[in-house]
Amino acid sequence: MAAGTIRRLDEAVVNRIAAGEVIQRPANAVKEMIENCLDAKCTSIHVIVKEGGLKLIQVQDNGCGIRKEDLAIMCERFTTSKLQKFEDLASISTYGFRGEALASISHVAHVTVTTKTADAKCAYRATYSDGKIKAPPKPCAGNQGTQITVEDLFYNVLTRRKALKNRNEEYAKILEVCGRYAIHNSGISFSVKKQGETVSDVRTLSNASTVDNIRSIFGNAVSRELIEVDCEDTSLAFKMKGYITNANYSVKKCIFLLFINHRLVESAALRKAIETVYAAYLPKGTHPFLYLSLEIAPQNVDVNVHPTKHEVHFLHEDSILEHVQQHIESRLLGSNSSRMYFTQTLLPRADCSSSEVLKPAANSLAAPKGTSDKVQAHQMVRTDSREQKLDAFLQPANNPLSTAPREAPAQGSARPMEGAAGPQDAEMADVSAPVERAACVQDTAVPGGLRDSKHLSPEAAPPRKRPRQDTDVEMEEDDSGKDMTAACTPRRRIVNLTSVLTLQDEISSQAHARLQEMLRDHSFVGCVSPQWALAQYQTKLYLLNTTKLSQELFYQILIYDFANFGVLRLSEPAPVYELSMLALEDPESGWTEEDGPKEGLAEYIVEFLKKKTEMLKEYFSLEIDEGGNLIGLPLLIDSYVPPLEGLPMFILRLATEVNWDEEKPCFESLSKELALFYSIRKQYVTDEANPTNSQTEGSDSGSAKWKWTVEHVLYKAFRTHLLPPKHFAEDGSILQLANLPDLYKVFERC
């Protein structure tokens, strides 16, 4: 084999490779230009962005400007006003020092610079390409300072440009960079907006404090829980200041703003050391907000270790980290005198006061003694909806639709508040990690194709007990509260998405007051079939469609408890591919040969749902791992597991029947598909309800399983959590079978 020939690369190729290392995405270009503005001692920075920075980035400051004589070499590599010899690196105090930022940008974009110094009579404008000025600077009108316009970023690096196809994500990265520099530089005003917009997405004032800037960018939820930290050690030649959140605040992802000698950098070691301290204070899986500014003697810091300068090395690193860790721990101990707790809010209760509500029939048990109004026999109500049955405490073993409430110790929880008309108008408080369920369900029915592999044996937890009245619980409690849905988590996440609020308003506006009152005060009579059940309200007997009622119940829970669900863990991951193949084999799927091979469709479903995993987990606690396996389902009601025989068809409909293009239709259709899957459906319990002759011996126990769940789980939830829509009174979902006064009239004729 012949040896390869070593050639000297063309200068244009070298410069373009170097530019790709320094400017990895639009946010890097913005960072470099903001640092140049700060080095120019400006007091105001304005950033305008178009199409995520790929089409246009314009950064303007009011700093000292650039001399006309320097414009000719400004965009050449290794030209800088901040460094003269290598030894100067030991005491460098500016952001830039290599002279590569503008040169790198000019090699991958079209750059225009307009600048004016304080003693110049006018401003000058110059354009650059590949590090060279195109024409001599031209005089023009302009304010003091510098305006740099970057257009068509990565126009000559098509691979990089195609990789950055999500413009919104790139704009979010730019906002993140600008927001962090705005917090650290509290004496400088920042403004960031999209081109053509009138309102800035990031805006801070020059006279605002650091806390004011944190409040402006991250919200009141962070700013009101801040603790100031400030420490210094002369022996280690460092000092630290900043703000951290106390134990009342936690989020799923750590927000860490770290500046070392005023440079925005990252330090995995420092992050881990601080999070170790917070682990003793915050719920598992949650993290704090941290803003720290370390000033270390320049001679102890090596800033020239990374092309984008987002990492630095410094001496005595272990000792400094230990000192910072100890100081933060002492501040947290001193701030733990009070804690804030959040409670779950139940579904809003519709106003039941209506002129159409029937006058309650007299109850002979409640009638006061000595009353002169005699209750007629045909108007007596001989049942009380508040009475409990003994079989509520005698759950059948191995219930396929519910978890045994006695299999594990219950976890304490505050009772929810009732009567709210809608979500509270509050900040977005992130929820702590969803309650992981531990007690395993035995002999759970699974689809035939996966029965042997035991993929779908879910884990669930017992229902929470109500807190004792005499316990010292620092939570707001409501004496009128009822059992909460399982969707609640230890910390309530307030969701202010317009689409979700609109769906909640639609449910509330369609609520039927009389039906709600009937469901709240009904007495359960018994199950006719898995689909139908009998219930009494006052002197009337009703036939209720359990399937439709349960479907509506789960839909409302999904909307009102949006992004606040626990998790039902599967004991073993269920491959989405196998579930999809099972669904396509079912005639109900409607698959034909024209649709293509089943294997190809199943693979498409797996890849499609893997792209949606973050949203499904965040908002619906529906967890799919990187291997395309279903590992968790949302926990909507305590003591209830959905009929898992419907899981394959649910996965298929999740990929084909949900409108993924628009936010509101997406949440609505996805919630309806989940509600359909969770509802009681005849085809998934009919084998137990109508056994063959050979199964007669165990028919009583099999039938008791789903009947117990319907009566003591679903209909119990109907009382407090269901707002029945008006169409239930018209479409046959709730039918009146008999009325006691009318029956007396019939028998009087006999």
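Predicted model: local features only at pLDDT ≥ 70, side-chain atom pairs only at ≥ 80, totals over all residues.
Residues are numbered from 1 along each chain as its sequence is written, while side-chain values use heavy atoms, with hydrogens and water left out.

**The sheet around S21**

Strand S20 (residues 532-537) and strand S21 (residues 540-545) pair in the antiparallel sense, over six bridges. Here strands are DSSP runs of E with at least two residues, helices are runs of H or I with at least four, and both are numbered from the N terminus. Two strands pair if DSSP finds at least two bridges between them. S20 and S21 belong to an open, antiparallel sheet of four strands, ordered S19-S20-S21-S25. Its edges are strand S19 (523-527) and strand S25 (734-739), each pairing on one side only. On average, neighbouring strands of this sheet are turned by 25° against each other, direction ignored.

**Two helices on the sheet**

Helix H11 (residues 513-520) packs on this sheet and touches S20, S21 and S25; its direction makes about 100° with that of S21. Helix H12 (residues 546-560) lies across S20, S21 and S25, at about 70° to S21. Contact means heavy atoms within 4.5 Å; axes are lines fitted to C-alpha atoms, for helices over the stretch in contact, and angles run from 0 to 180 degrees between N-to-C directions.

H11 is largely enclosed by the rest of the structure, because six of its eight residues are buried. Buried means under 20% relative accessible area, with a 1.4 Å probe and protein chains only. The buried residues of H11 include Leu515, Gln516, Glu517 and Met518.

**Around strand S14**

Strand S14 (residues 289-296) has seven of its eight residues buried, so it too is largely enclosed by the rest of the structure.

| Pair | Sense | Bridges | Opposite residues |
|---|---|---|---|
| S12 and S14 | parallel | six bridges | Ile255 and Phe289 |

The loop between strand S11 (238-245) and strand S12 (255-260) holds Asn248. Asn248 counts as buried because its relative accessibility is 9%. The side chains of Asn248 and Glu225 are joined by a polar contact of 3.5 Å. Such a contact is a pair of N or O atoms within 3.5 Å; within protein, one must be able to donate a hydrogen and the other to accept it, and residues adjacent in sequence count only if both atoms are side-chain atoms.

Notes:
Buried < 20%, exposed > 50% of the residue type's maximum accessible area, 1.4 Å probe, protein only.
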